[in-house]
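Subject: Handing over the structure

Hi,

Here is the structure I promised to pass on to you. Please have a look at it first, and then read my notes below.

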Amino acid sequence: WTDLAILYQNPPLALFEKLPKNLLTAMDLIVKQRDFAGQRATFIQIGANDGIMYDPLYKHMISNQSQWIGLQVEPQTELFQNLPNIHRNAEDWDFYNGVIAGPNRCVNRTIEFCETKTPGVGSWDTQGQLNTITLAACGGNNPKMHIVKRPCLPSFENLVMEQASPEFKRRTTKCLAKDPSETSTSDKKIEEKQCTFHVDLVQIDVEGYDFDVIQLIDFDHMIPQCIHYESFHLKGKEQAALDFLRAKGYTVRERIAGQEMDTLACRTLNKQV
C-alpha cells in the first residue's frame with residue numbers, strides 16, 4: 001500500500017475538555033482550534049434544506065464562511081438550488097443534490113423518495129420538513145406527497161470522494177492505494193483504497209432517518225469531532241442512538257423533551273454531562 005496523503009493538511013482535533021453547551025459553542029471551539037493551527041474547519045451537512053430554514057448552522061456559517069469548508073447535501077432540487085446562492089462566496093464548498101443511504105436502499109445510485117408536491121412553497125409542512133426516504137409518508141393517497149426518484153450515494157466515503165471539493169478532500173482525507181500511480185482524489189472506486197477522513201462536524205436533519213444516517217458513518221475510518229442531529233422524530237430509536245454514540249466514544253447530552261429538537265455528541269476528555 002502506498003501513502004497518497006502528500007498534501008494532507010488537517011489532523012484530528014484535540015478532544016474538547018467537556019461537552020459544549022450547544023452546537024454554536026461547539027462550532028466556535030472547532031474554529032478556534034483550526035484557526036490556531038492555520039487551518040480551515042470542515043463539515044458535512046445531510047439534509048441542508050434551503051440553507052436557511054430550520055438550519056442550525058446558518059447563524060454561525062453566514063458570518064464565518066471563510067473559516068469553514070463545507071459539503072452540503074439536499075435531495076429536493078427546488079430547495080437545493082438556494083444553497084450555492086447563499087454560500088456563493090464560500091470558497092471550496094460543494095453541494096450534492098441527492099441522498100445518502102445504505103446500499104440496500106441506494107440501488108444503482110437511485111432511491112425512491114417521498115416528497116411534498118410543493119417544496120419551498122407555503123407552510124411548514126410544504127417546505128421540505130416532511131420529506132423522507134420513509135415511503136409510508138406517501139401512503140394512503142396523501143394529496144400533499146408523492147414518490148420521486150432521486151440520486152443517492154451509499155456511504156460517507158463515497159460522498160466525500162465523489163462530491164467534495166478538491167480542497168475539502170485535501171484537508172480531510174488520507175488514503176492508501178495498491179497502485180502507487182493513483183492519487184487520493186482520483187476516481188478509483190473507494191473500495192480499492194484505504195482512506196481515513198478527519199471531518200470536524202457532521203450535521204444531520206433527515207426527518208426521522210437520522211440514526212440510520214449516523215450508522216452509515218464508518219467510525220473505523222471517519223470520527224467527526226462532533227455530530228449534531230435532530231432526535232425529536234426518532235421516537236423509539238432515540239435511546240438506541242444515544243447508546244450507539246456513547247459506545248463509539250462520544251459524550252452525549254440527552255435533549256430536554258418539550259424544549260429541544262436536537263442532540264449534540266462530541267469527543268471529550270470529561271465524559272460527565
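**A buried aspartate**

Not counting residues up to four places away in sequence, aspartate 55 touches Gln45 and Ala48. Please keep in mind throughout that this is a predicted model. Aspartate 55 sits in the loop that runs between β2 (41-46) and α2 (58-64). The residue is buried but has no salt bridge, and lysine 59, the nearest side chain of opposite charge, is 13 Å away.

Setting aside neighbours within four places in sequence, isoleucine 44 is in contact with Leu71, Phe156, Leu159, Val160, Phe168, Val199, Leu201, Val202, Gln203 and Met222.

How much of α5 is buried? Six of its eight residues are, so the helix is largely enclosed by the rest of the structure. The buried ones are Phe156, Glu157, Asn158, Leu159, Val160 and Met161. As general background, nonpolar side chains tend to be buried together in soluble globular proteins.

**A three-stranded sheet**

Next, a mixed sheet. Three strands make up an open sheet in the order β5-β7-β6, with mixed pairing. β5 (99-100) and β6 (110-116) are the edge strands, each with a single partner, so one side of each has no neighbour in the sheet.

The two pairings are these:

- β6 and β7 (residues 145-153) pair in the antiparallel sense over seven bridges. In this pairing, threonine 110 stands opposite proline 151 of β7, and cysteine 114 stands opposite isoleucine 147 of β7.
- β5 and β7 run parallel and are joined by two bridges. Here valine 99 has cysteine 152 of β7 as its bridge partner.

**Three disulfides**

How many disulfides does a search of the whole structure find? It finds three.

Cysteine 106 is joined to cysteine 152 by a disulfide, with an S to S distance of 2.1 Å. This pair links distant parts of the chain, 46 residues apart: cysteine 106 is in the loop between β5 and β6, and cysteine 152 is in strand β7. The link is right-handed, with 95° about the S-S bond. Both cysteine 106 and cysteine 152 are buried.

Cysteine 175 lies in strand β8 (residues 173-177) and cysteine 195 in strand β9 (residues 193-197), so the pair ties together parts that are 20 residues apart in sequence. The torsion about the S-S bond is about 105°, so this disulfide is right-handed. Cysteine 175 and cysteine 195 are both buried.

Cysteine 226 and cysteine 266 form a disulfide too, and their sulfur atoms are 2.1 Å apart. This pair links strand β11 (residues 226-230), which holds cysteine 226, to strand β13 (residues 262-266), which holds cysteine 266, 40 residues apart. The link is right-handed, with 110° about the S-S bond. Cysteine 226 counts as buried at 0% relative accessibility, and cysteine 266 is buried with a relative accessible area of 0%.

**Two more residues to look at**

Threonine 77 is in helix α3 (residues 77-80). Is this residue buried or partly exposed? At 28% relative accessibility, threonine 77 counts as partly exposed. Leaving aside neighbours within four places in sequence, threonine 77 is in contact with Asn97 and Arg150. Threonine 77 and arginine 150 are 73 residues apart in sequence, and their C-alpha atoms are 9.4 Å apart in space.

Glutamate 238 lies in helix α8 (residues 238-247). With a relative accessible area of 19%, glutamate 238 is buried, because the cut-off for buried is under 20%. Not counting residues up to four places away in sequence, glutamate 238 touches Ser231 and Arg255.

Best wishes

Conventions. Residues are numbered from 1 along each chain as its sequence is written. This is a predicted model: local features need pLDDT of at least 70, side-chain atom pairs count only at pLDDT 80 or more; totals for chains, interfaces and linings use all residues. Side-chain values use heavy atoms; hydrogens and water are left out. Two strands pair if DSSP finds at least two bridges between them. Helices (H or I, at least four residues) and strands (E, at least two) are DSSP runs, numbered from the N terminus. Contact means heavy atoms within 4.5 Å. Buried means under 20% relative accessible area, exposed over 50%, partly exposed in between (1.4 Å probe, protein chains only). Lys and Arg count as positive and Asp and Glu as negative; His and the chain ends are not counted. A salt bridge is a side-chain nitrogen of Lys or Arg within 4 Å of a carboxyl oxygen of Asp or Glu. A disulfide is a pair of cysteine sulfur atoms within 2.5 Å.
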